[in-house]
Structure formats: structure tokens, C-alpha cells
Protein chains: 2
Amino acid sequence: MLSSPAELVKSMLAGQRLALARLISKVENRDRDLAEIMRILYQHTGHAQVIGITGPPGAGKSTLVDRLAAQYRVAGMKVAIVAVDPSSPFSGGAILGDRIRMQQHSGDPGVFIRSLGTRGKHGGLSHASKEVVMVLDAAGFDIILVETAGVGQTELDVLRLAQSVIVVLVPESGDSIQVMKAGLMEIADLFVVNKSDRPEADKLVRELITMVSMSPHDEHSWMNPVMKTEAVRDSGVKELVEAIGSHQDYLTRTGKRTVKLREFLKNEVFDILVERLQHSVEGMFRSSSGEDILEKLIRRELDPYEAARWMSGS
Amino acid sequence: MLSSPAELVKSMLAGQRLALARLISKVENRDRDLAEIMRILYQHTGHAQVIGITGPPGAGKSTLVDRLAAQYRVAGMKVAIVAVDPSSPFSGGAILGDRIRMQQHSGDPGVFIRSLGTRGKHGGLSHASKEVVMVLDAAGFDIILVETAGVGQTELDVLRLAQSVIVVLVPESGDSIQVMKAGLMEIADLFVVNKSDRPEADKLVRELITMVSMSPHDEHSWMNPVMKTEAVRDSGVKELVEAIGSHQDYLTRTGKRTVKLREFLKNEVFDILVERLQHSVEGMFRSSSGEDILEKLIRRELDPYEAARWMSGS
């Protein structure tokens, strides 16, 4: 099983599921072959539509993601689902249920499902998630659905890897002021009011439409559509797929796709450098001179900014 | 008003509130004098007890923090309250209500209150929060209460700056399994069941005690106490202050205070280096050779790991 990175990538590009799973594990575990893997992979990326899905707990995100996947499968597209759950920073485990999903799509080689939990600090999860998406892109998935729970900063970082971001709300998930507070307005490309059979659904739809119309825009701006779905009954999902398609067309037509890609790549390069810095700082603090620095910091004979200057050798 | 960093720090050390407020603003805004300010300040730090308070929305954290502050004031201690709210990553504003609080403690020069919102990514908020706490420590506050809402990764990062962390729960805030899931078990030093007059309070207390007793420990371990409070009636707050005192004594007696300080300082040095890296990477991407790199990345003639290697000049 000791395949080289090049062999693993080759097998993955040939469609071998086991090679794909092993590559993703290597990305998650920040394997020492990581840089080499990503270097070989990178030229094969750039084809997938990456769609982020977020919203409060209980909004029905997982069901909606499953229905979206089913719609894309009907259209003959290969679909990957990545569920990112940063709410468990210590266990390293992902809570969102792979297993339940596996059953539904089991036996369909056109669907790949993976959950990611948190590793480390300083953007560790969003960095790993981004690289997992790049692996899936290279593997030839046409659609990559990235589901994230909650609206914390890590979740928002994760969503920056998506080209189109869907914010799913339910009538009882609170007023639209909450949406603005959580910064979702700035990151959303499409709003979905799920469980739209419930009372107050139309009120929420109206509030969201008002919010969208009040946000700064000109004639070239994308105006977030507000869609109604009942994911459990598969209602409104086809329309949502069409709206996502419109947003993807908008990105291409206006050149915003490249703008997003540039930001994505800048962040990726920065994340790589931060990770490298983390290793080198950890190494230095384990050395005897690093230990010395730390003792001086504790005795307050040296301050952290001076220590940082020493660490960076300048 | 163009005081030098040294003059500002001198005024702050002499007890001038305006100088303190200006220094904190400089930390928040990542002012270019920041490094110099922290260098001058650092030797004056190390005296404050830093206490973190977290828990789900509606647990009554703010009221409890106010009551704690009042208790410490009775004991003649100077108290600073820092409310950190990362839930608003785009506005840069802090939601937790300064103003309401200001009224309660207005006219008391022994209480200082400040709210912090999110700036930037990559641990920006936790880094700024940490340095604000260092400024308050140098300013001579005996007690620094750091209140954070929610249990996301940023909030947990922020809490790492505290020596004693209080997790506040209410009977209706859900079962203890949720607490474990959120990683709070690992970060908590004291549990508080607030609104303890409500039904189910004793059940939650028992569950928490069971959880604490089941966590791995030996005879030298700190066993998280589970305290009952009714903050609105000021009930149980005095006992909580005593329990915090016991934890602070435990940290000193066992040498864990220094262990925590070491981790704090390592992270502070790392955060400084990350921030410096961010500036240098942003600068490089604005240069013509950086622009060139980006174009090659977009055309996939270069991969991000190779680009990172070039950026770091190795």
C-alpha cells in the first residue's frame, strides 16, 4: 500500500475510489507528501462548480444537500458532498452523519461523501477543507457541495472556497436582522427558505427580498434570489438548481469567477505559508535557544515582539 | 493629541483613562505603533487574574459578569470587563451591550468596560483580544473578566487567554452531551448552572458532576466545581468568587500558572509572526512579480505550493 504520491494521483485520475479516499485522508492529516500531492494535482483542477450551503441548525441543510445531489445526478453529473463541522475542535471528529447519507446514495459511484472535523487552530480546518475540494475537483466531480453548520468565523472562512453560497433559513429561524448580524448577507449568493409550508414562511421571504433590495447594488450586481423549498417533499429543488446555474453563468459572464479564483489562490498561498511558519515556530520553541527565549519572556526580560523578531531572524 | 507610544503608556500607567482607551483602540486597529506599545507595556504585565466566561446565548452571562464585577469591587479590586463577540465578522462592531453596562457601573473609576468585534481572519480577533488583556493587565486591573458568546472556534481561541474559564449553562440549555460536543468540557475550569431556581436545574447539576467525575483525572487534577447561581438575585455569586480564588490558588500551587503562561506566550509570538507574514504576503501580491505569480497560478502553470516557496524566498 506504499504508493508514491504520483502513483496515487494517477490512480485517482483513473477513477479509483480507494486512491481518492487515501488522498483525502492525507490532506486531512497534513501528510508529509501533501505538498507533492497538491503540486501534481493542481493542473487538473478548475472544472468543478463548488457550492456552499450554510444556515442555522435545524434548517434542513442536510436534506436539501441530498436533494440537490439527486437532481444533479439525474442530469448525469458527478457529485461530491463535503460536510464541514468545526463545532468540535477537540475531538477531531465530524458530527454530521456520513453514515445515514451513505445508505441513501450507496451503490451510486457518481456520488462521493466525506465529513471533515477540526484539526489545529489558525484556519487549519478551512485550509484542509479547501484542499479537499481541490482534490475532488481534480478527481473529476462536476459538482462539489460543501455543507457547513453554523455561522461562526471558521464556517465563513470555509464558505469562501465556494463559488456560489446558499444560505438556508426556516420560518422559525428568527428575523432577518439575525441574518445580517451573522454576516451571512455579505457571503450569501442565494437565499433558501426551507420548510416553506410552515406559517410565517412568506413573511420571511418578503423580509429577505426587502433586505436584498436594500443592499447596495447597481445594474451589474447579482441580486440574491430568495427561493422557497420543501426539501423533504423535493419541492422547489429543481428551481434552486436552475438559480445556482444562473449564478454560475453570472460569475463567468462578468469575470467575477476569476476575481473569486484570485482571492482563493492568494488565500491558499497564505495558508500554506502560515502552516509552514507554524512548523518552524514549533521547532524553534523545542530547541534550546527557543527554550531560552521562552524563559526570558516569562521573566519579562524580553517582550513577545522582540522574540518574534528574533524568531524570524531579522 | 499626537502622543508618542512611550508617553501614552506612561500616562496609562499613571492611571489616565483616556490614555488607556487610546491604547486599546490602537491595539484593536492594529496601529503601526503597536509593536512599540506592546514592547514598552510588556514588563508591566503579569499581575491580573484573567477570567473567561462563556456559554450559550440566553444563559445570563452578562448579568453574571456584572455581579462578579460588583463582588470584586466590594473587595476593593480594580475590574476590567472585555466582551468579545466574533459573530459579526463583517461589521467590525461588537454587539454585546456596552451602553447598558456603562450605566450600571458609571461613575466607578474601578471598573473599565470594552467590547471587541471581529477584524480580519486568521485569528485576528483572538490576537487583538489577547493584547487588549495585556494592556489592561499593565494598566493595573486586578481582575479581567473576558466574556465571549457562543462556542465556535474563535471563541475557544479567545478563552485560551484566560487563566480560569467559567462555562455558564442554564437548565434549558440542553443536555450535558451538548456540552461535551462543543468542546467546552476541555476548556472549562468551573461550571455554573445559572437561573438555578428553574426546574431541571438540579438534574443539570447532577449530570455535570457525573461528567466531571468521569473525565480522566488523578489526585493532583483540578476537579471542575459545579456552582449554582441566580445572577439576577445575586445568589451564589460570592461562592463563585471563592471557587475562582481556589482555582487561581491551584494554578499557582501546582505550577500550572507557568505552564499556561508558556502556552500563552508561544501563541502570542506565533500570532505576531502570522500577522507580519500577512502584511508581507499582501505586499508581495500587490507587486508586479506577485501579480505575475498570480497569473501563472490562474493559468495553472504554477501550483500554490511552488508559489508559496517562491514567496518565502526558499
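Me: At what angle do the axes of H4(B) and H11(B), which come within 10 Å, cross?

Reply: This is a predicted model, in which local features need pLDDT of at least 70, side-chain atom pairs count only at pLDDT 80 or more, and totals for chains, interfaces and linings use all residues. Residues are numbered from 1 along each chain as its sequence is written, while chains are lettered from A and ligands numbered from 1 in the order in which they are written. Helices (DSSP runs of H or I, at least four residues) and strands (E, at least two) are numbered from the N terminus. With axes as lines fitted to C-alpha atoms, for helices over the stretch in contact, and angles from 0 to 180 degrees between N-to-C directions, H4(B) and H11(B) cross at roughly 75 degrees.

Me: How is H4(B) placed relative to H11(B)?

Reply: Under 35 degrees is roughly parallel, over 145 roughly antiparallel, 65 to 115 roughly perpendicular and the rest oblique. The crossing of roughly 75 degrees therefore makes H4(B), relative to H11(B), roughly perpendicular.

Me: Which are the edge strands of the open sheet in chain B?

Reply: Chain B has 7 strands in the order S3-S2-S4-S1-S5-S6-S7, with parallel pairing (at least two DSSP bridges per pair). Pairing on one side only marks out S3 (111-116) and S7 (226-228).

Me: What is the bridge partner of B:Val79 in S4(B)?

Reply: S2 (residues 79-84) and S4 (residues 143-148) of chain B run parallel, joined by 6 bridges. In S4(B), B:Val79 has as its partner B:Ile143.

Me: How many nonpolar residues has the contact of H4(A) with H11(A)?

Reply: In chain A, the axes of H4 and H11 come within 10 Å and cross at roughly 75 degrees, so these helices are roughly perpendicular. A:Arg67, A:Leu68 and A:Gln71 of H4(A) make the contact with A:Val237, A:Lys238, A:Leu240 and A:Val241 of H11(A). By class there are 1 polar and 2 charged residues, and the nonpolar number is 4.

Me: Which residue of S6(A) stands opposite A:Leu169?

Reply: S5 (residues 164-169) and S6 (residues 190-193) of chain A pair in the parallel sense over 4 bridges. Opposite A:Leu169 stands A:Val193.

Me: Does A:Val50 count as buried or exposed?

Reply: A:Val50 is found in strand S1 of chain A and touches A:Val133, A:Ile144, A:Val146, A:Leu161, A:Ala162 and A:Gln163, leaving aside residues up to four places away in sequence. Buried needs 20 or more other C-beta atoms (placed from the backbone) within 10 Å, exposed 12 or fewer, and partly exposed lies in between. Because A:Val50 has 24 C-beta neighbours inside 10 Å, this residue counts as buried.

How values were computed: Two residues are in contact if their C-beta atoms, placed from the backbone, lie within 7 Å. Ala, Val, Leu, Ile, Met, Phe, Trp, Tyr, Cys and Pro count as nonpolar, Asp, Glu, Lys and Arg as charged, and the others, Gly among them, as polar.
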